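The report below describes a protein chain through its sheets, helices and selected residues. Please read it alongside the sequence and the structure.

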Amino acid sequence: MAGRAPVREDTTQPLDRCYLLNAAGEWEPAKNPLNAYSTIRKGLGMQKLGPGYGFAKTMLQHNKDVRIGLVVNARGGSSIEQWEKGGKFYQDLLARAKVAAKSGTIKGIVWHQGESNSQQADEYLAKLKKFITDLRTDLGDESLPFVAGQITNKPPEPINDEIAKLPRELKATAVASSQDLKTIDRWHFDADSQLTLGERYAEQMLELLRQQKKADSPAAPVKPIRYIDVHVHAYPCREGGLDIVSDWMKRRGIDRVVISPLNHKGSRDYNDDDRRMMLANFAKYRGRMDRMCIIDPGEVATVDEAVAILKKEVADGAIAFGEHYGVGLMFDDPQNLLLYEACEQVGLPVMFHIDQHRNKVEPGMERVKNVLKKFPRCNLIAHAYWWRQLRDADRQLSEFPNLYADLSGHVVPSILQRDPDFARVFCIRHQDKLLFGTDEGWWSFNQDPSPFDHYRFFESLHLPDEVRYKIYRGNAEKLFGWETSTEPVTETGQQ
């Protein structure tokens, strides 16, 4: 966050309507280097361009009627242990924030740190959560928006996986992705990447602020509907593991769900006892809960071996394959192609996950296109970072009849709500391809309010009733071969 990229000529001018808290506790026009007044910084000559400039610029472009104050108190090369409550870094941060609060409102925190803890990834998330909780408590706002940024991922850094879990673990938090960013050395982003990262921080912060505003406003009335949620995670291999899902469905007005396993004990069956428990749990909720199945890339050596496993899964009730994580692989890696071919032979749709280190793609998503062309009889359901390349996603949905798109997760609303008018046109154009989902799971079923705001967002687009029905329910019925509901709108739904 201190910034080590060269300050380019186009980033030297002060930002209009943006102010920086200086050493005297006064506001002055904000210009680079933004970390000049940090009480814990290294030498002034080391302070250069960080993500704060692109962050502030994007925030200002979003709302031309506000003024923004930046309180920058970073220290390059610091560990998260140095930011623990009681230490100098924490106390100085808190002191400067309280000075700023005398003449403004603290709206959120942006955080970029982790290089110094990259070798202790498994310990990082717990320490970050404690830091956020302590800071929120001391600033008197238990829901203060907080956006954490990922460090460079070349080579893949396990700590980025831990940072990515933050929104699932703590309310009012988000993550700025480091996907495709470039560095000037082992750790530090170059100028273009710093500006891009800043924009991503702003996008996430704006979304958190929107969610906060909605939570503080009266709920907008919506027409009730019986939803089908195609993307849920649970613990079906544990006794009573689906009961919590049933309770959650009743609260959310969800008529049916599709549960996909992850590689967690209790989520996926690893032995005969697990499988017996899983099948018994799903039998209890037949017609309300359906399941996907998975085979990890490399788990089988041949297509025939995969087909044999998948046929048994189908016989035992599986309706799709997923959530497919090709960890460390390109999307069209031979190990992945083997699984797509097996699913095509068996007739199972594939729900795939894409991010910076799972089923990886380059700009343009040609690798996804290659698979869609190679296996035209295999229906693919796109999820996660596939949405980040929205222009290509739009084109692929139009071009390939075997491609569907899963609307679940935090990414989809954050992408589509940048331009609500386009989002509405997009949903109408692809009304036969979009599948409603939330990506909720054992980590969020009991959270209230839900960390996922899909209901409100899609209702805000004021879609025609026939489009709403297809997205919320009809497309899932068609894709999975279920009986079509005769009443698209009922009195059973609730948000």
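## Burial, pairing and packing in a predicted model

Glu344 is buried, with a relative accessible area of 9%. This residue is placed in helix H10, which spans residues 334–346. When its neighbours within four places in sequence are left aside, Glu344 is in contact with Phe375, Pro376, Arg377 and Cys378. The mean pLDDT of the protein chain is 91, and 95% of its residues reach 70 or more. Over residues 487–495, however, the pLDDT is below 50, although this stretch has 21 contacts in the model beyond near neighbours in sequence.

Arg41 lies in the loop between E2 and H1, and it is partly exposed, with a relative accessible area of 29%. Apart from neighbours within four places in sequence, its contacts are Asn35, Ala36, Gln47, Ala74 and Arg75. The C-alpha atom of Arg41 is separated by 50 Å from that of Tyr270, a residue 229 places apart from it along the chain.

The next topic is the sheet with the order E2-E1-E3, an open sheet of 3 strands with mixed pairing. Strand E2 (27–29) and strand E3 (68–70) stand at its edges, and because each has a single partner strand, one side of each is left without a neighbour in the sheet. Direction ignored, neighbouring strands of this sheet are turned by 40° against each other on average. Strand E1, residues 18–21, pairs with E2 in the antiparallel sense over 3 bridges, and the bridge partner of Leu21 in E2 is Trp27.

Helix H1, residues 52–62, lies across E1 and E3 and runs at about 165° to E3. H1 is mostly covered, since 8 of its 11 residues are buried; these are Gly52, Tyr53, Gly54, Phe55, Ala56, Thr58, Met59 and Leu60. The buried residues of H1 pack against E1, E3, E4 and H6.

Another open sheet of 3 strands has the order E4-E5-E6, with parallel pairing. Its edge strands are E4 and strand E6 (173–176), each of which pairs on one side only. On average, and with direction ignored, neighbouring strands of this sheet are turned by 25° against each other. Helix H6, residues 191–216, packs on the sheet and touches E4, E5 and E6, its direction making about 160° with that of E6. Within this sheet, strand E4 (residues 109–112) and strand E5 (residues 146–149) run parallel and are joined by 4 bridges, with Ile109 standing opposite Phe146 in E5. From E4 the chain crosses through helix H3, residues 121–139, to E5, and this β-α-β crossover is right-handed.

Together with helix H12 (residues 390–399), E12 and E13 make a right-handed β-α-β unit. E13 is also joined by 2 bridges to strand E14 (residues 434–435), and these two strands run parallel. In a regular strand the side chains alternate between the two faces of the sheet. In strand E13, residues 403–406, Leu403 and Ala405 point one way while Tyr404 and Asp406 point the other way, and all are buried.

| Residue | Bridge partner | Strand of the partner |
|---|---|---|
| Leu21 | Trp27 | E2 |
| Leu380 | Leu403 | E13 |
| Ala405 | Leu434 | E14 |

The last topic is the cysteines. How many disulfides does the structure hold? The structure holds 0 disulfides. Cys237 is accordingly in no disulfide, and the nearest cysteine sulfur, that of Cys293, is 13 Å away. With the limit for a buried residue set at under 20% relative accessible area, Cys237 counts as buried at 8% relative accessibility. Cys427 is likewise buried, with a relative accessible area of 0%.

Note on methods: Residues are numbered from 1 along each chain as its sequence is written. This is a predicted model: local features need pLDDT of at least 70, side-chain atom pairs count only at pLDDT 80 or more; totals for chains, interfaces and linings use all residues. Side-chain values use heavy atoms; hydrogens and water are left out. Two strands pair if DSSP finds at least two bridges between them. Axes are lines fitted to C-alpha atoms, for helices over the stretch in contact, and angles run from 0 to 180 degrees between N-to-C directions. Contact means heavy atoms within 4.5 Å. A crossover is right-handed if, with the strands pointing away from the viewer, the path from the first strand over the helix to the second runs clockwise. pLDDT is the predictor's confidence in each residue, from 0 to 100. Buried means under 20% relative accessible area, exposed over 50%, partly exposed in between (1.4 Å probe, protein chains only). A disulfide is a pair of cysteine sulfur atoms within 2.5 Å.
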